Amino acid sequence: MTAHADPATPVSRRWSALDTAAGGLALDLGLYTAATIFAAITAATSTLPPHRAWGAVATFGYALATLAATAQLLARRRAAGTPLAALPARWTVTGITWATTALLPIVTQSLERAGGRTDRAQEEVIVVENAGTRLAEHGTPYLGPDAIAALPPGEQLLGYTPYQPGMALFGLPRAAVDAWWTDARIWFAVVTALTLIALVATLRAAGGPAAPRRDAAVLRAVQAATVLPICALTLATGGDDLPVLALCLLALALAAARHPGRAGLAIGAAGALKLFAWPIALVLLFWAATRRATLRTALGALGLPVLALVPVLLVDRDALVENVLRFPLGHGMVTSPAQSPFPGHLIAETLPAGRAIAAALLVAAGLAIAVRLLRRPPRTAATTTIICGYGLLAAILLMPSTRFGYLLYPAALLVLAPALALTRPADPTAFPATAPRDAAGRRTPEG
């Protein structure tokens with residue numbers, strides 16, 4: 001995933017060869033073929049009705065993309081310079097694929113839900129919409145412990161809102177109007193699309209001799225955040241992670257373009273939606289410190305989450321603590337359904353004192369990353385992204401309660417890294433890096 005950042009490593013060389021084979025079309029074809037199989041299996045075997053409905057629609061979208069990529073490869077074989085196999089054509093196929101595998105299922109399921117189907121949305125959609133209603137009526141998206149306890153046992157889980165206060169904004173349209181277009185997933189998709197457009201514009205604004213390779217890497221990063229099945233499925237059936245992911249990617253792109261203040265605002269907006277963005281904000285602050293831009297970055301990165309938290313903290317502190325701390329940590333009145341069979345969950349469930357062991361492993365991984373950041377803080381956005389990607393991957397694998405869908409975060413981050421490594425800001429002297437120097441006064445290389 002870091003091929004363009006460090007082409008010397010064997011892994012980087014293999015990724016670069018795979019990514020650029022047949023002008024990028026070979027990997028496109030592999031992605032769309034595997035996605036077609038995944039969607040078909042989901043449609044046939046998933047126990048979740050929204051997932052089955054997604055698979056039934058997405059299978060055709062991915063199949064069309066597979067045919068398109070095959071046609072592009074054949075056209076390229078006949079004439080290497082044909083526009084049918086060029087980067088704009090690949091962008092077109094990606095856009096159409098996202099429309100047919102994510103946006104179309106969202107609209108279809110939203111319409112069916114508005115028509116009375118109760119099995120066309122995952123629980124998080126209902127939770128976010130209820131949070132928006134409570135925010136509009138009571139000034140806080142959270143129910144307090146007593147209110148949750150008063151709910152029937154089967155409804156207590158939906159009484160929790162394990163997100164930051166900003167997530168309730170996506171539920172405000174449904175609080176105002178009960179219609180298919182006020183489904184929270186519609187607005188998740190709108191924000192995700194606009195944020196990714198801003199990401200592409202930010203990276204394309206940088207010139208330099210590496211622009212063609214960078215533009216191809218940007219397309220690959222966008223594919224990872226849109227048409228990758230785990231992302232398309234998540235957006236179509238639940239959706240709350242995709243605007244968070246898109247804002248995190250935008251923040252790192254802005255860092256690569258050397259806009260630390262804007263990067264702080266983007267990651268701060270993500271942090272106001274979900275805790276998953278907070279580790280990325282922390283690593284981004286270490287990057288900012290090497291650029292003498294800590295304050296500019298921190299104003300948005302820390303300020304926006306605090307601004308989102310203060311009003312609801314003043315309205316009902318106990319409700320905030322119960323929803324965003326006690327429940328995610330496993331101390332709520334009901335257990336989180338996030339139980340994917342990753343190592344942390346298996347250790348917690350099968351070994352004596354398993355939860356303590358899993359927690360210790362998670363803490364050890366966090367300490368290792370902290371030591372790395374303190375000893376060699378990242379001085380490029382690409383390195384920052386790689387640390388965030390592998391750090392989140394370790395956390396997801398080691399957490400006792402987690403979801404398979406969370407893997408979309410490290411996957412998209414690691415695929416974005418090559419595009420950031422190839423980005424050259426228009427004004428590279430905007431602010432200097434404070435790289436450490438050796439005894440002779442020479443700067444040491446990035447670690």
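**Entry 1: a buried pair.** I started with Lys 274 and Asp 240, and both are buried. This is a predicted model, so I read every contact here as a feature of the prediction. Lys 274 and Asp 240 form a salt bridge, and their closest N and O atoms are 2.8 Å apart. I then looked up where each partner sits.

**Entry 2: neighbours in sequence.** Next I checked Arg 214 and Asp 215. Their side chains meet in a salt bridge, at 2.7 Å from N to O. Both of these residues are buried too.

Entry 3: A reminder to myself: side chains of opposite charge can pair when their charged atoms come close.

**Entry 4: a network.** Some of the charged residues are linked beyond simple pairs. I noted Arg 113, Glu 129, Arg 174, Asp 178, Asp 183 and Arg 185 as a network of salt bridges. I picked out Arg 113 and Asp 183, which form a salt bridge with the closest N and O atoms 2.9 Å apart. The two come from distant parts of the chain: Arg 113 belongs to helix H4 (residues 87–114), Asp 183 to the loop between H8 and H9, and they are 70 residues apart.

Are these two buried or exposed? Asp 183 has a relative accessible area of 1%, so I put it down as buried. Arg 113 comes out at 19%, and it counts as buried because the cut-off is under 20%.

**Entry 5: a nonpolar patch.** I turned to the surface next. Leu 111, Val 177, Trp 180 and Trp 181 form a nonpolar patch there, with about 360 Å² of accessible area together. I followed up on Trp 181, which lies in the loop between helix H8 (172–176) and helix H9 (184–204). Its relative accessible area is 39%, so Trp 181 is partly exposed.

Entry 6: Last, I looked at helix H19 (residues 381–398). H19 has 18 residues and reaches 26 Å from its first C-alpha to its last, close to the 26 Å expected at 1.5 Å a residue. Of those 18 residues, 13 are buried, so H19 is largely enclosed by the rest of the structure.

Notes:
Residues are numbered from 1 along each chain as its sequence is written. This is a predicted model: local features need pLDDT of at least 70, side-chain atom pairs count only at pLDDT 80 or more; totals for chains, interfaces and linings use all residues. Side-chain values use heavy atoms; hydrogens and water are left out. Patches are made of residues with over 30% relative accessible area and no salt bridge: like charges are joined within 9 Å, nonpolar side chains (Val, Leu, Ile, Met, Phe, Trp, Tyr) within 5 Å. Accessible areas come from the Shrake-Rupley method with a 1.4 Å probe; for residues, only the protein chains shown count as cover. A salt bridge is a side-chain nitrogen of Lys or Arg within 4 Å of a carboxyl oxygen of Asp or Glu. Helices (H or I, at least four residues) and strands (E, at least two) are DSSP runs, numbered from the N terminus. Buried means under 20% relative accessible area, exposed over 50%, partly exposed in between (1.4 Å probe, protein chains only). The expected span of a helix is 1.5 Å times one less than its number of residues.
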